[in-house]
Amino acid sequence: MKFREEFQYLRQIDKRKWILVVVLVAVTHLFCQTLMLPYGNALRSLLSESKILLPEKMSLSSGESSVVKSANVGDSLSNFDYANVLIDRVKSTDKGDEGEDGETDERVNEEEDVKLRSIHSVGKALDNDSDFVEDATIENDNLFDEVVDVDEETTMQNSGNQIRGSVLQNNNESRLDLSLEQVVKPNGELSADSELDANRNSVLNDAKVVSNESSNHLDHLPLVTIDEKNFIHTANNESSTRDLTQLLPNHGNHSLVQSDTNTPVKKKMRCMLPPKTVTSISQMERLLVRHRARSRAMRPRWSSECDREILAARLQIENAPLLRNDRELYAPAFRNMSMFKRSYELMERILKVYVYKEGEKPIFHQPIMKGLYASEGWFMKLMEGNNKFVVKDPRKAHLFYMPFSSRMLEHSLYVRNSHNRTNLRQYLKEYSEKIAAKYRFWNRTGGADHFLVACHDWAPYETRHHMEHCIKALCNADVTLGFKIGRDVSLPETYVRSARNPLRDLGGKPPSQRKALAFYAGNMHGYLRPILLEHWKDKDPNMEIFGPMPSGVASKMNYIQHMKSSKFCICPKGYEVNSPRVVEAIFYECVPVIISDNFVPPFFEVLNWDAFSLILAEKDIPNLRSILLSIPEKKYLDMQLAVRKVQRHFLWHAKPIKYDLFHMTLHSIWYNRVFQTKVR
């Protein structure tokens, strides 16, 4: 009896142990499923034998049956991105899936749920893979204008616990081959973006062909409809974005995902959508003040005499004597003319720059002096040939210049139709690691006293992460792409038609002879320009709003004459926030009207753009004429005078002169470094 009781006691203990073991195994399994499943599925997706199930488009309201089809991963996943889409739970209403009593077979539903979770896991793994994220573009290199780019951070957002399960078609790109001579010497068409017009249709046709070829692999794949508003709007559904979305031409027909079952799912490129968030000029002002007060720059690892000189200069700038009038500068055009003048004088007196000799041509040390990206080339040439600021001993330098051309980087390394710019960024990463290993100066501040000057639209991506702490002078000064107000510099995008004579055709008619109220002509790049034309083309004789102008010398001169004889020159964004028309308008003494949300105007840290320009929100396009007419004549005359006064700050000279574009760019880099410097 005693033995029997002991045996039962041991059985109970063993039973508890087994239960405990089973529970631990189950918990471990669930934990591993949570952490490791995405990676496991991602690895299995690399195998050609792997199969996943993609749900077909469903319509529960119509009572139609839903089907799950099998697709080869090698034929589908490698060609498409995953995004968040709303998928209803797969339910079968087919009689063949029901039991004899008419109830749905639960086991079938469970298998389908497992398959959907597998799809979700693969999509999550691909989304988390930074190397997988494509930067698909359509670029017409021969025509030197803004490029189309896909925002890596743009994803389709859906509220709640939604299942990832639809395949989005990749945006394919077409790129025209260029010789080095073509890159350096673009053809001289009438305007910056009219250079793209010649091959624009062929590029788009090529893209459509590639898109159709890719869609052949999707003939057997389902579609999932997505609400357009869920894609465009941010979580808080900002009214400005909603308003701008309503302004899009043929808004009702421009759904982000086609509902036609014969058409593959399409993903809108970032450049063809309004921004999710908008940073107003007043918000930029507050950011500038805040970043001035609280620098985020790295504290140097060891002290330097150059740091002490910069800190002493900062005290002098902050306590600059008040200047009410100046013979050289126009006070209303500056935020604080006294501080600017004192800072400029100190720059001329003490600033020393070391230019790295490392780097091979054509990416390094080979400037482009003509075309849309000429700003980076002119600065490179004038900086490397400067004897006043450049020093040979890096220990005496306050700033370090990395003389590369973002335009030549793209031309030399980007692989046509690769949909990937990772090698461009990797090239600059290896360069920064090379100078960090050879010199000690990069590591002293984490690159905070190093700067670069780049005008290509891809520069924010190419310099991300590894050059994150550097001072970046960028034409694509977009706060949504990581532009740091108060540290980075908005570089004017200047379209130089003649490298020998960059001042050709300078100037314009006096205000009394400017009969047209507003003027714009150019290609339909991006989503904003079609909105502008839809509202104002051929709507008012005083609003000279055109599309692309014909090519040729006569048309080019006509374009220039329009700018010279108009009161306001409309400067809408293209594919990116920046536009060469801003400087073109100042060049021809026309008051610029900047329509580009999230764009930081050039030299924002020192110039008062309200004095010589209008900066309008994109949603204000329908009210453009009334806004312009509401400006009093006295105010317009003051603005036009200010345009003529600040014109000198936006001009290139073969031999730099005081307060010109070269010195203004260098000063803004110096100025931002002064207010970002920390002591050990």
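Helix H12 (residues 406–413) and helix H13 (residues 422–438) have axes that come within 10 Å and cross at roughly 125°. This is a predicted model: local features need pLDDT of at least 70, side-chain atom pairs count only at pLDDT 80 or more, and totals for chains, interfaces and linings use all residues. Residues are numbered from 1 along each chain as its sequence is written, and side-chain values use heavy atoms, with hydrogens and water left out. The protein has 21 helices and 14 strands. Helices (H or I, at least four residues) and strands (E, at least two) are DSSP runs, numbered from the N terminus.

- Two packed helices are described by the angle between their axes and the distance between the axes.
- Axes here are lines fitted to C-alpha atoms, for helices over the stretch in contact, and angles run from 0 to 180 degrees between N-to-C directions.
- H12 and H13 are oblique to each other. Angles under 35 degrees count as roughly parallel, over 145 as roughly antiparallel, 65 to 115 as roughly perpendicular and the rest as oblique.
- The crossing of H12 and H13 is right-handed. A crossing is right-handed if the near helix is turned clockwise from the far one by less than a right angle, and left-handed if anticlockwise.
- H12 contributes Leu409, Glu410 and Leu413 to the contact, and H13 contributes Asn423, Leu424, Tyr427 and Leu428. Contact means heavy atoms within 4.5 Å.
- The loop between H12 and H13 holds Asn417. Phi of Asn417 is near 65°, a positive value in a residue other than glycine.
- Asn417 counts as partly exposed, at 37% relative accessibility. The classes are buried (under 20% relative accessible area), exposed (over 50%) and partly exposed in between, with a 1.4 Å probe and protein chains only.

**Whole-chain figures**

- Of the 680 residues in the protein, 54% are buried.
- Among contacts with a separation of 6 or more, 77% come from residues 24 or more positions apart.

**Disulfides and other cysteines**

- The count comes to 2 disulfides, a disulfide being a pair of cysteine sulfur atoms within 2.5 Å.
- Cys455 and Cys475 form one of them, with sulfur atoms 2.0 Å apart. This pair links distant parts of the chain, 20 residues apart: Cys455 is in the loop between strand S7 (450–454) and helix H15 (459–462), and Cys475 is in the loop between strand S8 (471–474) and strand S9 (489–490).
- The link of Cys455 and Cys475 is left-handed, with -95° about the S-S bond. Both cysteines are buried.
- Cys569 is joined to Cys590 by a disulfide, S to S 2.2 Å. The two lie 21 residues apart, with Cys569 in strand S12 (residues 566–572) and Cys590 in the loop between helix H18 (581–587) and strand S13 (591–595).
- The torsion about the S-S bond of Cys569 and Cys590 is about 115°, so this disulfide is right-handed. Cys569 and Cys590 are both buried.
- With bonded cysteines counted along the chain, the pattern is 1-2, 3-4.
- Cys271 is buried at 1% relative accessibility, and Cys306 is buried at 8%.

- Gln640 sits in helix H20 (residues 633–646). Its relative accessible area is 0%, so Gln640 is buried.
- The Gln640 side chain reaches the backbone oxygen of Glu589 at 2.9 Å. Such a polar contact is a pair of N or O atoms within 3.5 Å; within protein, one must be able to donate a hydrogen and the other to accept it, and residues adjacent in sequence count only if both atoms are side-chain atoms.
- Leaving aside neighbours within four places in sequence, Gln640 is in contact with Lys509, Pro511, Arg514, Glu589 and Val591.
- Asn386 is in the loop between helix H11 (374–384) and strand S6 (399–401). Asn386 is buried, with a relative accessible area of 13%.
- The side chain of Asn386 reaches the backbone nitrogen of Phe389 at 2.7 Å.

**Ile317 in helix H9**

- Ile317 lies in helix H9 (residues 305–318) and is buried at 0% relative accessibility.
- Beyond its neighbours within four places in sequence, Ile317 is in contact with Met339, Arg342, Ser343, Leu346, Tyr671, Val674 and Phe675.

**Backbone points**

- The peptide bond from Lys361 to Pro362 is cis, with omega near 5°. Pro362 is in the loop between strand S5 (353–355) and H11.
- Asp538 has phi near 60°, a positive value in a residue other than glycine. Asp538 is exposed, with a relative accessible area of 67%.
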